[in-house]
Amino acid sequence: MCRMLYPRFRTKEEYLLKMSNPKEINLSSVPSETQIKYRRLTEFFLTHPKVAIAFSGGVDSAFLLYAAIQSDIEVKAYYVKSAFQPEFELEDSLRLAADLNASIDILNVDVLSSEIITSNPSDRCYYCKNKIFGTITEAASKDGFTLLLDGTNASDEEGDRPGMRALRELSVLSPLRECGLTKDEIRLLSKEAGLFTWNKAAYACLATRIPTGETITEEKLKATEEAEDYLFSLGFTNFRVRRFRDCARIQIQESQINLLLEHREQILKELKKHYKGVMLDLEVRK
């Protein structure tokens with residue numbers, strides 16, 4: 001019963017512990033270089049007192065929203081609900097927005113209606129970002145916001161983020177990146193701020209589990225989400241269930257191979273509801 005209600009947690013207690021207790025950051029507890037970068041971020045908000053934030057519920061956009069609220073500016077978060085985002089991301093976003101007492105809008109975007117996106121080309125992310133951020137820009141503009149921010153940070157190399165071209169074209173600013181804040185620094189500051197997202201694992205959209213060139217369908221995305229939810233319920237972290245033809249290819253950390261072997265039969269039974277076969281990738285995740 002707990003797996004159905006709280007799919008990312010093994011017990012209800014684990015779920016309830018995942019709550020933020022937002023507080024002002026004690027800068028003396030972080031390295032001086034990080035202090036300087038955080039002050040740059042607060043200065044950014046002094047010169048941009050009214051912003052909309054593309055909010056995913058992840059580490060970076062969560063901290064960006066927190067920093068904006070701490071700066072006492074006018075800010076609104078926009079979360080895009082689509083077939084590419086698992087349900088837990090929406091749940092995390094709503095929970096964090098409530099913890100921060102932040103204004104948030106949920107926008108529905110039908111990414112599967114776009115043939116260029118579902119055909120899954122190598123630059124799919126560009127077209128998807130264009131559709132998603134275009135929708136946010138339009139909604140934010142109607143609400144009186146002319147500046148849209150996202151959570152790209154200084155650790156994100158442009159070569160690794162094909163969607164950055166779309167962000168530039170739509171004039172989306174990335175203050176965390178501009179201020180030089182790295183992923184590790186954002187996690188540290190988030191922990192000091194009392195945000196539950198501080199140690200949240202990076203989670204790429206569900207479409208990334210489907211090989212480039214293979215058509216993306218709602219059925220394939222749902223299979224991925226349910227398979228990964230199940231593995232999370234068993235205690236796995238930092239893993240992926242990728243599609244290989246009609247099979248599931250599980251990528252886990254080396255430290256969790258024994259856990260997989262312990263639950264091998266249950267995993268086979270569960271994942272074969274959605275896949276013809278289940279494989280383990282011996283090139284483990286780092």
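## Briefing: sheets, cores and selected residues

Strand S5 (residues 240-244) is largely enclosed by the rest of the structure, because 4 of its 5 residues are buried. The model is predicted. Its protein chain has a mean pLDDT of 91, and 92% of the residues reach 70 or more.

**Confidence**
- Residues 1-7 stay under 50 in pLDDT. For this stretch the model has 12 contacts beyond four places in sequence.
- Where pLDDT is low, the predicted coordinates should not be read in detail.

**The S5-S6 hairpin**
- S5 and S6 run antiparallel and are joined by 5 bridges.
- Arg-243 stands opposite Ala-248 in S6.
- The hairpin has 2 residues between its strands. Arg-245 sits in the turn, with a positive phi of about 55°.

**The open sheet**
- The sheet has 4 strands in the order S3-S2-S1-S4, with parallel pairing.
- Strand S3 (104-108) and strand S4 (148-149) stand at the edges. Each has a single partner strand, so one side of each is left without a neighbour in the sheet.
- Strand S1 (residues 50-54) runs parallel to S4, and 2 bridges join them. Ala-52 stands opposite Leu-148 in S4.
- Helix H7 (residues 124-142) packs on this sheet. H7 touches S1, strand S2 (74-81), S3 and S4. The direction of H7 makes about 140° with that of S2.

**Nonpolar cores**
- The largest nonpolar core has 42 residues. Leu-231, Ile-267 and Leu-271 have the most contacts inside it.
- S1, S2, H7, helix H11 (218-233), S6 and helix H13 (264-271) each give two or more residues to this core.
- Leu-271 touches Ala-227, Tyr-230, Val-241, Ala-248, Ile-250 and Val-278, leaving out residues up to four places away in sequence.
- A second, separate core has 35 residues. Ala-97, Ile-186, Leu-189 and Leu-195 are among them.

**Leu-260**
- Leu-260 lies in helix H12. Its relative accessible area is 8%, so Leu-260 is buried.
- Beyond residues up to four places away in sequence, Leu-260 touches Phe-236, Ile-250, Ile-252, Ile-267 and Leu-280.
- Leu-260 and Leu-231 are 29 residues apart along the chain. Their C-alpha atoms are separated by 9.0 Å.

**Gln-253**
- Gln-253 is in the loop between strand S6 (247-251) and helix H12 (257-262).
- A polar atom of the Gln-253 side chain lies 3.0 Å from the backbone oxygen of Thr-237.
- Gln-253 is in contact with Thr-237, Asn-238, Val-284 and Arg-285, setting aside neighbours within four places in sequence.

**Glu-185**
- Glu-185 is found in helix H10 (residues 183-193). Its relative accessibility is 11%, so Glu-185 counts as buried.
- The side chains of Glu-185 and Lys-37 make a polar contact at 3.0 Å.
- Apart from neighbours within four places in sequence, Glu-185 is in contact with Thr-34, Lys-37 and Gly-180.
- Glu-185 and Glu-33 are 152 residues apart in sequence. In space they are 9.6 Å apart, C-alpha to C-alpha.

Definitions and conventions
Residues are numbered from 1 along each chain as its sequence is written. This is a predicted model: local features need pLDDT of at least 70, side-chain atom pairs count only at pLDDT 80 or more; totals for chains, interfaces and linings use all residues. Side-chain values use heavy atoms; hydrogens and water are left out. A polar contact is a pair of N or O atoms within 3.5 Å; within protein, one must be able to donate a hydrogen and the other to accept it, and residues adjacent in sequence count only if both atoms are side-chain atoms. Contact means heavy atoms within 4.5 Å. Two strands pair if DSSP finds at least two bridges between them. Axes are lines fitted to C-alpha atoms, for helices over the stretch in contact, and angles run from 0 to 180 degrees between N-to-C directions. pLDDT is the predictor's confidence in each residue, from 0 to 100. A nonpolar core is a set of buried Ala, Val, Leu, Ile, Met, Phe, Trp, Tyr and Cys residues joined through side-chain atoms within 4.5 Å. Buried means under 20% relative accessible area, exposed over 50%, partly exposed in between (1.4 Å probe, protein chains only).
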